[in-house]
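Take a look at the model below.

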Amino acid sequence: WSIHGQQQYVDATGTAFDKVFSEEILWEPEEKSKGVDKVKGELKDQTIALVKEYQTVKSPSVQPVAVEKSFKITFENAPYTVDGRIDLLDSDKNIRENKTTGKTPSEISADHMIQGVFYNISEGGDKVVFDYAVKTKTPKIVTHTLEPKETDKLFALRLVGLVDHSVKSGIFLPNRSHFMCTRRHCSYADRCEKVNGGRVKN
């Protein structure tokens with residue numbers, strides 16, 4: 001692709017980044033001590049580097065036919081649905097999901113696999129392709145492909161039923177390993193510790 005085309009993506013990425021960070025951000029203490037402007041600059045440089053790598057390595061071989069496609073999975077005799085949004089459908093009839101990660105993934109993680117299975121249930125097809133933009137010193141793109149089996153679909157659908165049962169029964173299992181389970185993100189932290197014990201991260 002041309003230098004002119006590359007600069008267009010760089011400019012668009014920079015503009016989108018500035019728009020997001022023009023809003024109020026809750027910075028971590030270590031980020032504040034380092035300097036917010038410096039942290040923002042490093043994040044912006046990293047974001048642009050990842051986009052450049054994707055556009056150079058992956059984008060030329062991917063022809064989108066739909067982006068950010070919404071879906072809704074309904075169930076017989078159930079009041080709930082599974083809603084989601086697929087990053088990209090390509091001309092080879094592949095479902096594609098774009099991810100960022102700090103470490104090179106050797107395989108598709110369990111939570112990403114469940115996500116991919118629901119995409120497959122919604123859209124059909126044989127494969128769900130995960131393109132990971134890896135935030136290493138030298139950015140790179142790593143691709144893993146999921147070909148869901150019937151047992152994978154059974155597992156994903158079983159989880160939906162278990163969540164529904166738990167909600168109806170008033171059972172809410174604390175997930176302290178989740179990155180959103182912090183006092184910063186959850187106003188129920190004190191109540192959760194009182195009921196369930198343990199500690200919620202700051």
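Met 113, Ile 114, Val 117, Asp 152, Phe 155 and Ala 156 line the largest cavity. A cavity here is a set of points on a 1 Å grid over the protein atoms alone, where a 1.4 Å probe fits but cannot get out; lining residues have an atom within 4 Å of a point. The model is predicted: local features need pLDDT of at least 70, side-chain atom pairs count only at pLDDT 80 or more, and totals for chains, interfaces and linings use all residues. Residues are numbered from 1 along each chain as its sequence is written, and side-chain values use heavy atoms, with hydrogens and water left out.

**The cavity**

- The structure holds one cavity of 30 Å³ or more.
- About 30 Å³ of space lies in the largest cavity. A volume is the space filled by probe spheres set on the grid points, which are joined across faces, edges and corners.
- Helix 4 (110–123) and helix 5 (150–169) each give at least two residues to this lining. Helices (H or I, at least four residues) and strands (E, at least two) are DSSP runs, numbered from the N terminus.
- Five nonpolar residues, no polar ones and one charged residue make up the lining of the largest cavity. Ala, Val, Leu, Ile, Met, Phe, Trp, Tyr, Cys and Pro count as nonpolar; Asp, Glu, Lys and Arg count as charged; the others, Gly among them, count as polar.

**The pockets**

- A pocket is an open set of grid points with protein on both sides within 12 Å along at least five of seven lines.
- The largest pocket has a volume of about 680 Å³.
- Its lining has 23 residues, and Thr 47, Leu 50, Val 51, Thr 100 and Ala 133 lie nearest its centre.
- Helix 1 (3–20), helix 3, strand 3 and strand 4 (128–134) are the elements that give two or more residues to the lining of the largest pocket. Helix 3 gives the largest share, seven residues.
- By class, the lining of the largest pocket has 12 nonpolar, six polar and five charged residues.
- The second largest pocket holds about 430 Å³ of space. Its lining has 16 residues, with Phe 172, Leu 173, Pro 174, Asn 175 and Cys 192 nearest its centre.
- The lining of the second largest pocket divides into 11 nonpolar, four polar and one charged.

- How far apart are the end C-alpha atoms of helix 3 (residues 36–57)? They are 31 Å apart, which agrees with the 32 Å that its 22 residues should span at 1.5 Å a residue. The expected span is 1.5 Å times one less than the number of residues.
- In helix 3, Val 39, Ile 48, Leu 50, Tyr 54 and Gln 55 are buried. They cover an arc of only 160 degrees around the axis, which puts them on the same side of helix 3. The arc is that of the directions from the helix axis to the C-beta atoms.
- Buried means under 20% relative accessible area, exposed over 50%, and partly exposed in between (1.4 Å probe, protein chains only).
- Asp 37, Lys 38 and Asp 45 are exposed on the face of helix 3 turned away from its buried side.
- The buried residues of helix 5 are Asp 152, Ala 156, Val 160, Asp 164 and Ser 166. They fall within an arc of 165 degrees seen down the axis, so they line one face of helix 5.
- The face of helix 5 turned away from that side carries exposed residues, among them Arg 158 and Lys 168.

**The strands**

- Strand 1 (residues 64–74) and strand 2 (residues 81–90) pair in the antiparallel sense over nine bridges. Two strands pair if DSSP finds at least two bridges between them.
- Lys 72 has Asp 83 in strand 2 as its bridge partner.
- Six residues lie between strand 1 and strand 2 in their hairpin, and Asn 77 in the turn has a positive phi of about 60 degrees.
- Strand 2 also pairs with strand 3 (residues 95–101), in the antiparallel sense over two bridges.
- Strand 3 and strand 4 run parallel, joined by seven bridges. Ile 95 stands opposite Val 128 in strand 4.
- Seven of the seven residues of strand 4 are buried.
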